[in-house]
Amino acid sequence: MNTTNEGLMARAALRCAAWSEQWFPDAWVFAALGVIIVAVAALAFGATPTVTVNAFGDGFWSLIPFTMQMAFVVIGGYVVATAPVVARFIEWLARAPKTGRGAICYVGLISMLASLLSWGFSLVFGGLLVRALARRDDLRMDYRAAGAAAYLGLGAVWAMGLSSSAAQLQANPKSMPPGLINITGVLPFSQTIFLWQSLLLTAALIVVSLLVCWLTAPSDRAARTANDFGVTETATPALPPRQRPGEWLEYSPLLSVLIGLIGLGWLAVEFVSKPAVTAIANLNTYNFLFLTVGLLLHWRPRSFLNAVARAVPSTAGVLIQFPLYGGIAALLTHAPGVGDVTLSHRLSGLFVHIATTDSFPFVMGVYSSVLGFFVPSGGGKWLVEAPYVMQAANDLHVHLGWAVQVYNAAEALPNLINPFWMLPLLGVLGLKARDVVGFTFMQLLVHVPLVLGLLWALGLTLTYVPPVMP
């Protein structure tokens, strides 16, 4: 790729992305290496081989409910975003921008707002909006910059919204490993994503991200369109006609309507009997809502099933990596060594040693963002970090909900240049990671000081509350 007309930082980012695509292994390899490293560390600090292997085996399947919940976040978001009525809505939205630069900022805003509801929905919806904008003959929009803007939902603010893996996990005691719930207790959304400090941080990230989109968008003369990348822009294909009598129920809306009505009835009871915030905090309810709405929007079961089939490949990383994260979490919390002390307690002691109550958000933010380059998974990485960082938060009397938000804000930073979570979006756009990382790298340069500074400053306004057990 010719980068002579790009700025210095953009050229460096493009080269780094190209290098990582050639030399970095699959993210599963990093999770597997994590298992080996933690297991060796447990043995080195005195855990017996029997205790170590038992901890790994016992923890391996401990996250199956949470694994399936995270997979359905992706599936539910994809199903809703690709429903025919939503596709027409996307075409309508694509009529609004008047300039290429305005279109890029427009995509970024919609992507970030959508990600506060569902990061899976945001990725697909943002990608389809970029494709719809690219079909406009009267709009010269840089396809790379627009793709990067569509990724801002996951790269900037997703973890601050309702689909935050860490916040959802901490609010649902049934999904939490026993070793973690004993440390943190239950943290409702009112103590994490709905703190005013969290809302202020989210608003700042949205405004600054859009400003960076505007400043880094290429001019019309320098823009590279979808055609320049060999992307043929066609609308979402219509459902093929029914060919066999046995397909009648697959093409009839009857089953969709009946199942949808039953689902809506259950959701009505759930939201009437509980506060809305409590109901939506349950991941099962959250995913049930998206699947029910998706089924009704697709109208015909065959359309719904086709959307599910297209979504499933995007869940492969979650399905195969989360069991390893469950094993790592168990090794950290259930493989005691010398003095009957676990690795999580040793690591929490290290945090207490190098951090103070005031500096903890900054130290944890740096650590979490660095670890995110190697463990690119919101929920899985939280299970690796939470046992010791939350114990350290308790020891230092740091607000536990803000510690979760420190993780949420910091773990999104490496997403901006890590291609792992880009894959569903890149599949929609027909691009390579190296095509968009130059623009997301510019976002990273601005986000790092902004996020770490606000995490520290806003943390000073909160006081410690002891864990609340269910």
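Ground rules. This is a predicted model: local features need pLDDT of at least 70, side-chain atom pairs count only at pLDDT 80 or more, and totals for chains, interfaces and linings use all residues. Residues are numbered from 1 along each chain as its sequence is written, and side-chain values use heavy atoms, with hydrogens and water left out.

Cysteines. Cys-105 is buried, at 13% relative accessible area. Cys-213 is buried too, at 5%. Buried means under 20% relative accessible area, exposed over 50%, partly exposed in between, with a 1.4 Å probe and protein chains only.

Aromatics. The whole structure holds 10 aromatic pairs. One of them joins Phe-56 and Phe-60, edge-to-face, with 5.7 Å centre to centre and 65° between the planes. Rings of Phe, Tyr and Trp (its six-membered ring) pair if their centres lie within 6.5 Å; planes under 30 degrees apart count as stacked, over 60 as edge-to-face and the rest as tilted. Both residues sit in helix H3 (residues 49–60), four residues apart, about one turn. Helices are DSSP runs (H or I, at least four residues), numbered from the N terminus. Phe-56 is partly exposed at 25%, and Phe-60 is partly exposed at 21%.

Now helix H18 (residues 316–333). Phe-322 and Tyr-325 lie there, three residues apart. Their ring centres are 5.8 Å apart and their planes at 70°, so this pair is edge-to-face. Buried or partly exposed? Phe-322 is buried, at 2%. Tyr-325 is buried, at 1%.

Back to Phe-56 and Phe-60: ring pairs link them with Trp-61 into a cluster.

Trp-61 takes us to the surface. Trp-61, Ile-64, Met-68, Phe-72 and Leu-319 form a nonpolar patch there, about 460 Å² of accessible area together. Helix H4 (residues 64–81) gives the most, with three residues. Met-68 lies in helix H4 and is partly exposed, at 39%.

Last, helix H7 (residues 119–134). At 1.5 Å a residue, its 16 residues should span 22 Å, and its end C-alpha atoms are 22 Å apart, which agrees. How many of the 16 are buried? 15 are, so H7 is largely enclosed by the rest of the structure.

Conventions: Patches are made of residues with over 30% relative accessible area and no salt bridge: like charges are joined within 9 Å, nonpolar side chains (Val, Leu, Ile, Met, Phe, Trp, Tyr) within 5 Å. Accessible areas come from the Shrake-Rupley method with a 1.4 Å probe; for residues, only the protein chains shown count as cover. A salt bridge is a side-chain nitrogen of Lys or Arg within 4 Å of a carboxyl oxygen of Asp or Glu. Helices (H or I, at least four residues) and strands (E, at least two) are DSSP runs, numbered from the N terminus. The expected span of a helix is 1.5 Å times one less than its number of residues.
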